[in-house]
Amino acid sequence: MKSLATILLVLLSFSVNAENWPQWRGPVFNGSTTQTGLPATWSKTENVAWVAPMPGPSAATPAIWDDRVFVSSVDTKTKDLLALCLNRKDGKVLWQKVVAPSADRRPMNSRNNNMASPSPITDGKNVWFFYGTGHLAAFDIDGKELWSRDLQKDFNKFAIMWGYGASGLLYKDKLYIPLLQKDKNTYVPGSDLSKKLDSFILAVDPKTGKDLWKQVRPTDAKEETQEAYTTPIPCEFNGKSEILIYGADYTTAHDPETGKELWRCGGINPVHRGDVRVVPSPVCCDGLVFMAPPKHWQAFTAIKDGGSGDVTATNVAWTLPKEMSPDVCTPLVYKNMLYVLNGDAGRSMLYCIDPKTGAKKWEGQIPGKTTYWCSPTCADGRIYSINEAGEVAVCEAGDAFKILMTVPLGEGACFSSIAIAQGQLFIRTGQNVYCIGK
């Protein structure tokens, strides 16, 4: 019996440590994972399993499943948009596909974004790549294309000033793609400005690529405020599931099966400014949904989940001062605590918040002279953040603010959040993918 118990304990330890990172915010959609045994110290050379050179930059976070690492990238030489699969054991390229050729790329207004910003998604059998050009493609894990389509051909040119930057969501056998955009396309020359464009969330059959439903998302937001760069996040509470969308002055909850809007909460733009686009995605914890208003314009807000219709006047649970609200970084939940990173250059602040009450447990400034555009991730009691210059800050997720170490990789520009899987860290810089750990 003793030997059997030992074997079961070893198997349980292996299953916990073998957790994958299937999409942008990880296995539980909040930036955290149960991974343990991560290296306590590392550098650009120490505890580095491998370094894989990339053909160009990307803001996409890698997706990892078992021994496969999936990466999106621009090819600097050809300007093609690429889907890559790396071997997790040694970093070698197992396959590489051109999903969108250079002729299909749209000029960018922002140096902080390119058409390879959306993160890939995998379920261990197949992988889905999406790009700011609207190209959406599915492959099996061995690189065989299953289907592909161009959403801009299906639903008009995207009307987003800084280029499409949201990621898709795979949840309960549906692939969700958000499009929160301006109602008139003033960004593409020759567009018909008399034609009103919809913002919507699209549900796609991941097996076939065919539309399951399209839910139009109305708003009274104006101008650029109609646009958002946020990813849908699922929320499960009291036995019910919702898909949360944040942007264009509202957070909305949708039925995962039909797309029907269940409730909406506003209040983040009471004077209807037209220049407050949203970048941070929502995150939920124990029946609360958290909204980070853009540009430190209004208070960081916690919403009580549930209800129907407009719940702005009834469901606000608590708020934080507007200077604590991140402009870009999506908050993190780890072991029932909320971590908020305001990544402004030269004064980047990390806050630990009790999600139930909004009480601040601690705060501290994390090192680095450039902006933290990437969202923090956490495992094994450590919070990992990387700034534009490629400086990684590791903080303790404990009772007090503590910087454990900083690692200057120095390979900017870095806009990809750090992924954690299989007992390793995966860091996408402007030039390489690093695998940190045994």
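Colleague: Which residues form one aromatic cluster with F70?

Modeller: In this predicted model, local features need pLDDT of at least 70, side-chain atom pairs count only at pLDDT 80 or more, and totals for chains, interfaces and linings use all residues. Residues are numbered from 1 along each chain as its sequence is written, and side-chain values use heavy atoms, with hydrogens and water left out. Rings of Phe, Tyr and Trp (its six-membered ring) pair if their centres lie within 6.5 Å; planes under 30 degrees apart are stacked, those over 60 edge-to-face, and the rest tilted. One aromatic cluster consists of F70, W95, F129 and F139. By the pairing rule, the count comes to 15 aromatic pairs.

Colleague: How is the pair of F70 and W95 arranged?

Modeller: The pair is tilted, at 6.3 Å centre to centre and with 50 degrees between the planes. Strands here are DSSP runs (E, at least two residues), numbered from the N terminus. F70 lies in strand 3 (residues 68–74) and W95 in strand 5 (residues 93–100), so the pair ties together parts 25 residues apart in sequence.

Colleague: What of W95 and F129?

Modeller: Their ring centres are 6.5 Å apart and their planes stand at 75 degrees, so this pair is edge-to-face. It links distant parts of the chain, as W95 is in strand 5 and F129 in strand 7 (residues 126–130), 34 residues apart.

Colleague: Are W95 and F129 buried or exposed?

Modeller: Buried means under 20% relative accessible area, exposed over 50%, and partly exposed in between (1.4 Å probe, protein chains only). W95 counts as buried because its relative accessibility is 7%. F129 is buried as well, with a relative accessible area of 0%.

Colleague: Which residues is V392 in contact with?

Modeller: Contact means heavy atoms within 4.5 Å. Leaving aside neighbours within four places in sequence, the contacts of V392 include W42, I386, M405 and I427.

Conventions. Helix = DSSP H or I, 4+ residues; strand = E, 2+ residues; numbered from the N terminus.
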